[in-house]
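Please open the structure in your viewer and keep the sequence panel beside it, so that each selection can be followed from one stop to the next.

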Amino acid sequence: MLSRLTRPRALAVCALPVAALLATAAFSPLPFSLAQPGLTANVLGDNRGEPVITISGAPTRDTSGQLRMTTIEATSPDTAVRLGDVVDAWFSTDQAVMPRDSVYPGGRSTREIEQFNTQQMKESQNDATEAALNYLDLDGKDVKVTLKLADVGGPSAGLLFSLGIVDKIDGDGGGGDLTGGRTIAGTGTIDPAGKVGAVGGVALKTQAARRDGATVFLVPKDECGDAKAELPEGLRLVPVTTLKGAIGALDALTSGKGTVPAC
């Protein structure tokens, strides 16, 4: 014999598993990282009292303006991110919710991830040096470049390192600075052939750039859409695909001759 539940009782019975699910979601760690605008650093200047770029074996020049590499700060891989944290970040313009695997390689300990990021930075510096020397038609056997930047990992500073090396050795090729005296910021990986690659977190990096005085931001062309999403007022986006193209865009920006690419 079957008994019929009244509507209020039926709703109460159905609500119990939903409430249990919401409670579990609210208090269980989720597979996300929370990110926010991070530090920026002028690769033409000093970091912790030491030059970011040191060059021997080739004449160098004094520079003006700044070339600022940008970063994001993300919660550590072992930080428990819960539903409330995600909801708060979702409605914040200076925070982003990112899948943890898009920020950190999965299946590795915190120490292994730190070592991985350090190795990526080292490889990025080597590629950036090779790309810059190739652009300048200089032999890496004769010119030694040392890059030092504390507390930063990953490959996304490659483009700015290359631009910094070129500016310190050759400037704009005509006696001026690549920056034209401006504060230029940007992001992007680079390979030895000078090809610029996409990175993550560009919307947060533009905020960090503007916060630290940049008026121009070099962004990998494929990420124009992301960069425009939360673009701070007063920051001009310049899309790039190669080191040569980035230098050409900066030259056009300073000289007023030619076309400056736009997103």
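Bear in mind throughout that the model is predicted.

**The disulfide**

Begin by selecting cysteine 224 and cysteine 263 and showing their side chains: the two form a disulfide, with their sulfur atoms 2.0 Å apart, and the count of disulfides comes to one. Which parts of the chain does the pair tie together? Cysteine 224 belongs to helix α7 (residues 224-229), while cysteine 263 lies in the segment after α8 (243-255), so the bond joins parts that are 39 residues apart in sequence. With a surface shown, compare the two ends: cysteine 224 is buried at a relative accessible area of 11%, whereas cysteine 263 is partly exposed at 34%.

**Helix α6**

Next select residues 202-211, which make up helix α6. Eight of the ten residues in this helix are buried, so α6 is largely enclosed by the rest of the structure; the buried ones are Val202, Ala203, Leu204, Lys205, Thr206, Gln207, Ala208 and Ala209. Then step just past the end of α6 to glycine 213, where the backbone takes a positive phi of about 100°.

**Threonine 71**

Now move to strand β5 (residues 66-74) and pick out threonine 71 within it. Is this residue buried or exposed? Threonine 71 is buried, with a relative accessible area of 13%, and its side chain reaches the backbone oxygen of leucine 39 at 2.7 Å. Showing the surroundings of threonine 71, and leaving aside neighbours within four places in sequence, you will find it in contact with Pro37, Gly38, Leu39, Val152, Lys205 and Ala208.

**Where α4 meets α8**

Finally, select helix α4 (residues 110-136) together with α8, whose axes come within 10 Å and cross at roughly 65°. That angle makes α4 roughly perpendicular to α8. To see the contact itself, show Ala131, Ala132 and Tyr135 on the α4 side and Leu243, Lys244 and Ile247 on the α8 side. Sorted by class, this contact of α4 with α8 has five nonpolar residues, no polar ones and one charged residue.

Conventions. Residues numbered from 1 in each chain as written. Predicted model: local features only at pLDDT ≥ 70, side-chain atom pairs only at ≥ 80, totals over all residues. Heavy atoms only, no water. Disulfide = S-S within 2.5 Å. Helix = DSSP H or I, 4+ residues; strand = E, 2+ residues; numbered from the N terminus. Buried < 20%, exposed > 50% of the residue type's maximum accessible area, 1.4 Å probe, protein only. Polar contact = N/O pair within 3.5 Å; in protein donor to acceptor, adjacent residues only side chain to side chain. Contact = heavy atoms within 4.5 Å. Axes fitted to C-alpha atoms, helices over the stretch in contact; angles between N-to-C directions. Parallel < 35°, antiparallel > 145°, perpendicular 65-115°, else oblique. Nonpolar A, V, L, I, M, F, W, Y, C, P; charged D, E, K, R; others polar.
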